[in-house]
Amino acid sequence: MAPTKIIVVGGSYAGIAVINQLLASKANQKQEIEITLIERQQNWIPYTKLFPKGSKHKIVQGKIAEVHHHHVILATGVSIPFDYMALCTGSLNPSPAKFNVDSSAEALAITKKAREDLVKSKSVVVVGGGACGVELAGEIKTAYQDKNVTLIHATSTLVDYPGYSDAMKSGALTHLESLGVNVVLNEKIAIEGLTFENAIQVAPRSIHASGKVIESDIQFLSVGIRVDTGYLSTLKPANHAAFDSSRLVNAGTHTIKVRKTLQIDQEGLTHIFAVGDCGDFSKVPTAAACKFTAPTAAKNILALAENENSKKTSSLSNGNAPPAVMCLTTGPTTGVLSLPLVGMRFSNFFSKLLKSKDLMLGGILADMRTK
Ligand SMILES: Cc1cc2nc3c(=O)[nH]c(=O)nc-3n(C[C@H](O)[C@H](O)[C@H](O)COP(=O)(O)OP(=O)(O)OC[C@H]3O[C@@H](n4cnc5c(N)ncnc54)[C@H](O)[C@@H]3O)c2cc1C
């Protein structure tokens, strides 16, 4: 029997967790599987040890441009067939939080330039007090105590995500203020020239906020997460030429509508799954959430494959809502933590222990078996 072809698109938190669960569970399966990881970025992460040596699994560097019922087409025009697929294409934040480029060299160049510009600046403004903005403002102020750092946020509460503790939200403000960051709340501002595409701007700007004028010579935009699921515009259930593919995504966010099983929420397309930031399963997109949802998607893919091959009808599992866990670091030794069982007063200790040391890279690199 031919192996079941499984494509995983996106080799980050969600995609790697799906692959690891597929590899771990397949031992119990009679059906052979052949996994293809498709990842747009080059030389970003060495995936060389992700799959066991000599296995049939493959890594393809490329960007999927179109998804069809049983194949994808890369931007290069190459077509790759699949029986099942997990879309794990994530999200984009303005740089330097994430980089909308295809190679690590380009991302490093952006980071290097931002560092150089930051060193030369005197007054820094960060727009947006979500997790990325809070961390960025805190880290800059910690590293450059002589610089004026202002964080401007549109509403009355920083990191105001649903389900997260008020202690974490007020803790973020306290931490930043104790570091010396000037936090301006309830000000929705637009700065000339500062856009998602030009999210690190070196330019003199006088910003009017809260009845004051804030001078700055460098500004960072830290607002707006973008999800690019345009590749779904070609996807239709079989024999349904008139199907309107825009129904597969949420208007506005472009996240993929999924069922509790992580399958695309559309009859005839339930062999395709969406996991992580590109799907709408988790209210707040986090790497921690991927760890909760990806195993369910992987197990359900294998269950569907087994059902098909043995004509069984085992039922699929529902994913669990990820807990409201978040670790916000405002510098190498300070931060706040939202953990259901841990109180605020342990925040610095735990955030340092959990994240500041290596920004949790150790965990994901271990998952990717890079070391
Ligand atoms: C600065 C910052 C700090 C954060 N800190 C934390 C934290 O401490 N804890 C936490 O839980 N979460 C944190 N997050 C959130 C976390 O990073 C995301 O939730 C996580 O990256 C989502 O993982 P993902 O696999 O869904 O998508 P992503 O990490 O966005 O990865 C998607 C992958 O898909 C690839 N891809 C995209 N489109 C295509 C395509 N068309 N074809 C092929 N490949 C494609 C991309 O190159 C990428 O490798 C942080 C985010 C930022 C920006």
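**Around the ligand**

The shell around the ligand holds 32 residues, of which Gly10, Ser12, Gly90, Gly276 and Thr286 are the closest; a residue counts as near a molecule if its C-beta atom, placed from the backbone, lies within 6 Å of it. This is a predicted model, in which local features need pLDDT of at least 70, side-chain atom pairs count only at pLDDT 80 or more, and totals for chains, interfaces and linings use all residues. Numbering starts from 1 along each chain as its sequence is written.

Helix H1 (13–25), strand E2 (33–39) and helix H5 (287–310) each contribute at least two residues to this shell. Helices (H or I, at least four residues) and strands (E, at least two) are DSSP runs, numbered from the N terminus. By type, the shell has 15 nonpolar, eleven polar and six charged residues. Here Ala, Val, Leu, Ile, Met, Phe, Trp, Tyr, Cys and Pro count as nonpolar, Asp, Glu, Lys and Arg as charged, and the others, Gly among them, as polar.

E7 runs parallel to strand E1 (residues 4–9), joined by four bridges; two strands pair if DSSP finds at least two bridges between them. Ile7 has Met85 as its bridge partner in E7. E7 also pairs in the parallel sense with strand E13 (residues 272–274), over three bridges, and there Ala86 stands opposite Phe273.

**The five-stranded sheet**

An open sheet of five strands has the order E10-E9-E8-E12-E11, with mixed pairing. Strand E10 (182–184) and strand E11 (200–209) are at the edges with a single partner strand each, so one side of each has no neighbour in the sheet. Strand E9 (residues 148–152) pairs with E10 in the parallel sense over three bridges, and Leu151 stands opposite Val183 in E10.

**Helix H4**

Helix H4 (residues 166–179) has 14 residues, which at 1.5 Å a residue should span 20 Å; this agrees with its end C-alpha atoms, 20 Å apart. The expected span is 1.5 Å times one less than the number of residues. Buried residues of H4 include Met168, Lys169 and His175. Just after H4, Gly180 takes a positive phi of about 105°.

How values were computed:
A residue is buried if 20 or more other C-beta atoms lie within 10 Å of its own, exposed if 12 or fewer, and partly exposed in between; C-beta atoms are placed from the backbone.
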